[in-house]
Amino acid sequence: MGLLVEQRFFPIFAFLFGIGFSLLLASAEGRAACPRLLLLRRLLLLLAIGVAHLLLWQGDILHAYAIVGLLILLPSTWLPRWTVAILGTLLIVTALIIGDSHFVLIAGLFLAGSALTRYGVVGRMGQSATVPAVLGLVFAVAAAPFLWSQVKSLSSDQDSDASLSMSLGGLLLAGAYVCALLVLLRTPLRPALRTVFAPLGRMALTNYLTATILVLVAARLVGGRPEDWPVTTVLLIAGPVLVVQWLWSTLWLTRYRNGPLEWLWRWATWARRPPLRVAARGERPTSVSPARRPGPPGPPRDSWRT
């Protein structure tokens, strides 16, 4: 778990948050008079959801994302993209040097994802398997010595060295994971991967919050605090939780365009109720055509990145 899982996936989540933020801004700029106002409302609602989630689970990350988004990501939209890229790099390096600074690392990853989106790199990521394959190999080779150092540090109880190795190795291995997935998406496995991941991703906010409820229910049955569970117990509970959420997400999305919380989040973002139910074949859409009513057209359908 320490070598392959811990601190290996939240960097991906933070990076994708920065990507989704810039994608939504680019879309809103052609659809709203004040696109940054949309992003402000979006972040404020996320902050409220995160604070409420803290009442159930102290490990909530949404409030941290909202705070960093309000203080760093939103103001960065007024900066040129080269400045955003430099600031993101500096923040990531600073977080690795000072250690144990999730807020600084999150800010750096937000800006890195935003900068790569603004430079058009994200839009070209899926066009070739060669580039991500080579880059993933570089990430994996670079991560190897840090993983080995992490093993040695843990065995000798050198916590500071282990923390640094875990952070550096985590970032590099996260990059390798992303590149590996991009390569797999260029293979015949793509339909299967979409079937598995797309429903969970399209309802990521709903699944993130409902996972807390499911785990707390499991804790009542198993006993003890989830933070104290052994790895075996964690895996035995995480598997069924993911299966339940995949089934729930897949069935829900056959009838509705978005997850329930994603729908409310879009409503607050655009200050206009978007359609929720998927129109049946032959049924006329319930929403009014933008050409027949005043004001900007409705919001675009969110992708898994937003």
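A nonpolar core is a set of buried Ala, Val, Leu, Ile, Met, Phe, Trp, Tyr and Cys residues joined through side-chain atoms within 4.5 Å. Buried means under 20% relative accessible area, exposed over 50%, and partly exposed in between (1.4 Å probe, protein chains only).

This is a predicted model, where local features need pLDDT of at least 70, side-chain atom pairs count only at pLDDT 80 or more, and totals for chains, interfaces and linings use all residues. Residues are numbered from 1 along each chain as its sequence is written, and side-chain values use heavy atoms, with hydrogens and water left out.

**Exercise 1. Find the largest nonpolar core and say which elements build it.**

Step 1. Start with the core itself: the largest one has 39 residues. Phe 17, Leu 46, Tyr 65, Ile 92 and Phe 110 have the most contacts inside it.

Step 2. Now go to the elements. Helices here are DSSP runs (H or I, at least four residues), strands are E runs of at least two, and both are numbered from the N terminus. Those giving two or more residues to this core are α1 (10-29), α2 (35-54), α3 (62-76), α4 (81-98), α5, α8 (159-184), α10 (204-222) and α12.

Step 3. Look for anything left over. A second, separate core of five residues includes Ala 218, Ala 219, Trp 229 and Ile 237.

Step 4. Zoom in on Phe 17. Contact means heavy atoms within 4.5 Å. Skipping residues up to four places away in sequence, Phe 17 touches Leu 43, Leu 46, Tyr 65, Leu 73 and Phe 110.

**Exercise 2. Work out the overall fold pattern of the protein chain.**

Step 1. Count the elements: there are twelve helices and zero strands.

Step 2. Check how much is tucked away. Of the 306 residues, 35% count as buried.

Step 3. Ask how far apart in sequence the contacting residues are. Among contacts with a separation of 6 or more, 68% come from residues 24 or more positions apart.

**Exercise 3. Sort out the aromatic pairs.**

Step 1. Set the rule. Rings of Phe, Tyr and Trp (its six-membered ring) pair if their centres lie within 6.5 Å; planes under 30 degrees apart are stacked, over 60 edge-to-face, and the rest tilted. The structure holds eight such pairs.

Step 2. Take Phe 9 and Tyr 177, which are stacked at 5.3 Å centre to centre with 20° between the planes. Phe 9 sits in the segment before α1 and Tyr 177 in helix α8, so the pair ties together parts 168 residues apart in sequence. Phe 9 is partly exposed at 44% relative accessibility, and Tyr 177 is partly exposed at 26%.

Step 3. Next take Trp 263 and Trp 267, a tilted pair at 5.2 Å and 55°. They are four residues apart in helix α12, so about one helical turn separates them. Trp 263 is buried at 13% relative accessibility, whereas Trp 267 is partly exposed at 33%.

Step 4. Finish with the cluster: Phe 13, Phe 17, Tyr 65 and Phe 110 form one.

**Exercise 4. Explore the surroundings of Thr 269.**

Step 1. Locate Thr 269 in helix α12 (residues 260-270). With 0% relative accessibility, Thr 269 is buried.

Step 2. List its contacts, leaving aside neighbours within four places in sequence: Leu 24, Leu 38, Arg 41 and Arg 42.

Step 3. Check for a polar contact (a pair of N or O atoms within 3.5 Å; within protein, one must be able to donate a hydrogen and the other to accept it, and residues adjacent in sequence count only if both atoms are side-chain atoms). The side chains of Thr 269 and Arg 42 make one at 3.1 Å.
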